[in-house]
Amino acid sequence: MKEDFYNGLQKKLEEQFQFPYLYLFKFIIPADNKKIALIEALFGDDAEISTRQSKTNKYISISAKEVMLSPQEVIAIYKKAEKIEGII
């Protein structure tokens, strides 16, 4: 089922973007420094990463912009991210 999702995502990425492309990733995670570090580790040194806490301070929104060379590179990051517990 996940593979169907990723196949569909790859098709959409190929149709909508011309790679290489400055891609924006967005994640929401529980407010936990370890989880923030795990998300930040998904990206290279050139990535522009910003964080924002929720009003209740229970969650953190993370946005990361990085040049992706292909749709497969985007999908690889999402596959790594889905292994982080509590990620939305």
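Which element supplies the largest share of the lining of the largest pocket? The answer is α1, with 3 residues. Welcome to a quick tour of this predicted model, in which local features need pLDDT of at least 70, side-chain atom pairs count only at pLDDT 80 or more, and totals for chains, interfaces and linings use all residues. Residues are numbered from 1 along each chain as its sequence is written, and side-chain values use heavy atoms, with hydrogens and water left out.

**Overall layout**
- The protein chain has 3 helices and 3 strands, taken as DSSP runs numbered from the N terminus (helices: H or I, at least four residues; strands: E, at least two).
- Reading from the N terminus, the order of elements is α-β-α-β-β-α.
- Along the principal axes, the C-alpha atoms fill a box of roughly 40 × 30 × 20 Å.
- Of the 88 residues, 31% count as buried (under 20% relative accessible area with a 1.4 Å probe, protein chains only; exposed is over 50%, and partly exposed is in between).
- Among contacts (heavy atoms within 4.5 Å) between residues at least 6 apart in sequence, 69% join residues at least 24 apart.

**Helix α2**
- Lys35, Ile36 and Ile39 are buried in α2, which spans residues 33-40.
- These residues sit on the same side of α2 because they cover an arc of only 105 degrees around the axis, judged by the directions from the helix axis to the C-beta atoms.
- As background, an α-helix has 3.6 residues a turn, so residues three or four places apart point the same way.
- The cover over the buried residues of α2 includes β1 (21-30) and β3 (59-68).
- Exposed Asn33 and Lys34 are carried on the face turned away from the buried side of α2.
- Where α2 starts, a side-chain oxygen of Asp32 comes to within 2.8 Å of the backbone nitrogen of Lys34.

**Ser63 in β3**
- Ser63 is part of strand β3 and counts as buried because its relative accessibility is 16%.
- Beyond its neighbours within four places in sequence, Ser63 is in contact with Leu24, Phe25, Lys26, Glu48, Ile49 and Ser50.

**The largest pocket**
- About 160 Å³ of space lies in the largest pocket.
- Its lining includes Lys2, Phe5, Tyr6, Lys26 and Phe27, and also Tyr78, Ala81, Glu82, Ile87 and Ile88.
- α1 (2-16), β1 and α3 (71-81) each supply at least two residues of that lining.
- By type, the lining residues divide into 7 nonpolar, no polar and 3 charged.

How values were computed:
A polar contact is a pair of N or O atoms within 3.5 Å; within protein, one must be able to donate a hydrogen and the other to accept it, and residues adjacent in sequence count only if both atoms are side-chain atoms. On a 1 Å grid over the protein atoms alone, a cavity is a set of points where a 1.4 Å probe fits but cannot get out, and a pocket is an open set with protein on both sides within 12 Å along at least five of seven lines; lining residues have an atom within 4 Å of a point. Grid points are joined across faces, edges and corners, and a volume is the space filled by probe spheres set on the points. Ala, Val, Leu, Ile, Met, Phe, Trp, Tyr, Cys and Pro count as nonpolar, Asp, Glu, Lys and Arg as charged, and the others, Gly among them, as polar.
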